[in-house]
Amino acid sequence: MDASILLVGGDDFLSALLDRIHNLVNCTTEVAYNPSEAVPLIQAQQPDLIILQGNQPGGLELCCDLKDQAKLAWIYCILLDIPSQKLEEVWLEHEWEVESKTEALEGGADAYLWLPRHDPYGKELGKEELAKQDRLLRAQIFAGLRTVKNHRELMRTNDILSAIALSDPLTELNNRRALDWELPRQLQNARNRAESLSLVMLDVDFFKRINDTYGHPVGDRALQLVSSRLRHNLRFRDTLFRYGGEEFVIILSNTDQHEALLVSRRLCRLISEQVFNIEEGLDLNITISAGTATLEPSDDPKGVSLLRRADQNLLRAKSSGRNRVVGGTEVNQDMAEEL
């Protein structure tokens, strides 16, 4: 099992553990000589498992800090004591080990191991005793790696389910739920950076007529082709969503009102100027109407008012004859252009 393991401890701890780990587990290892040195390594590399020297100050606190961070809490932490001196009282007093394990688990560690190298009388342990320790250490590492593997598989599954939930199956565009999540984030970013942001709401003209005349499969194919043409003609910083039915929304980041009108007019021309080959023997001329709106200081953080203005301008474009763009606000005079 390939794994990445971070060992945290002093020189004696690391020298006693490094070769031992490599003989037990197929893994890559990194070392840190204290918890403070371990922090940047954990953040940069996110190891599967961390083994910390149990009696080193700050080790248990590091475990606790990791478990408080959602992005790092899955890392499996083993607190390990390897006493090198004679510890007769510890051997004889079993409650000491129980208390140490309890303190470690309560403090944030996922496991605690006590692996002395000497018997109660100071004699080095024999091969049989050390082999038993190695078996326990290996079993604990593999238990931790199984936990990490299960977590990562669960996260991958969640990512897939999230992608499905945020994707429109017909057009493979982001859907309305994705817009509800993305728009507030982009609004906040624009305000933090003092940048402009605009929305375009598009609607396929006379789409019901396509469905009624040729059937819904043809209508579906028309939506796929329209969405594909839109997607391949956007700027890299623009985000396209299928809002519902034959409506689409585009977030235009770092784009003011004038630029939003230019982008929208260009897209409308790209849709109208070239026919859509739906299937062999069936070409359709399709047009779209668009309404634009630009972020204002009074807009709410979720973008409801911004969307409303774009939708109102779309309705004006359609009521004015379709195949055109309308932009502006209630304060400013509307700007419309028939294409």
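A residue is called buried under 20% relative accessible area, exposed over 50%, and partly exposed in between (1.4 Å probe, protein chains only). By this definition, Asp205 is buried, and Lys318 is buried too. The structure is a predicted model, in which local features need pLDDT of at least 70, side-chain atom pairs count only at pLDDT 80 or more, and totals for chains, interfaces and linings use all residues. Residues are numbered from 1 along each chain as its sequence is written, and side-chain values use heavy atoms, with hydrogens and water left out.

The protein chain falls into domain 1 (4-163) and domain 2 (176-327), with bounds from an automatic or database domain assignment. Their centres, taken over C-alpha atoms, lie 54 Å apart.

Ten salt bridges were found across the whole structure. Each is a side-chain nitrogen of Lys or Arg within 4 Å of a carboxyl oxygen of Asp or Glu. One of them joins Asp205 and Lys318, at 3.2 Å from N to O. Asp205 sits in the loop between β6 and α8 (207-214), and Lys318 in helix α11, 113 residues apart. Helices (H or I, at least four residues) and strands (E, at least two) are DSSP runs, numbered from the N terminus. Shared partners join Asp203, Asp205 and Lys318 into one network of salt bridges.

Asp203 also pairs with Lys318, with closest N and O atoms 2.6 Å apart. Here strand β6 (residues 197-204) is linked to helix α11 (residues 304-319). Asp203 is buried.

Another salt bridge connects Lys67 and Asp110 at 2.8 Å, N to O. Lys67 belongs to helix α3 (residues 59-67). Lys67 is partly exposed, because its relative accessibility is 25%. Asp110 is likewise partly exposed, at 30%.
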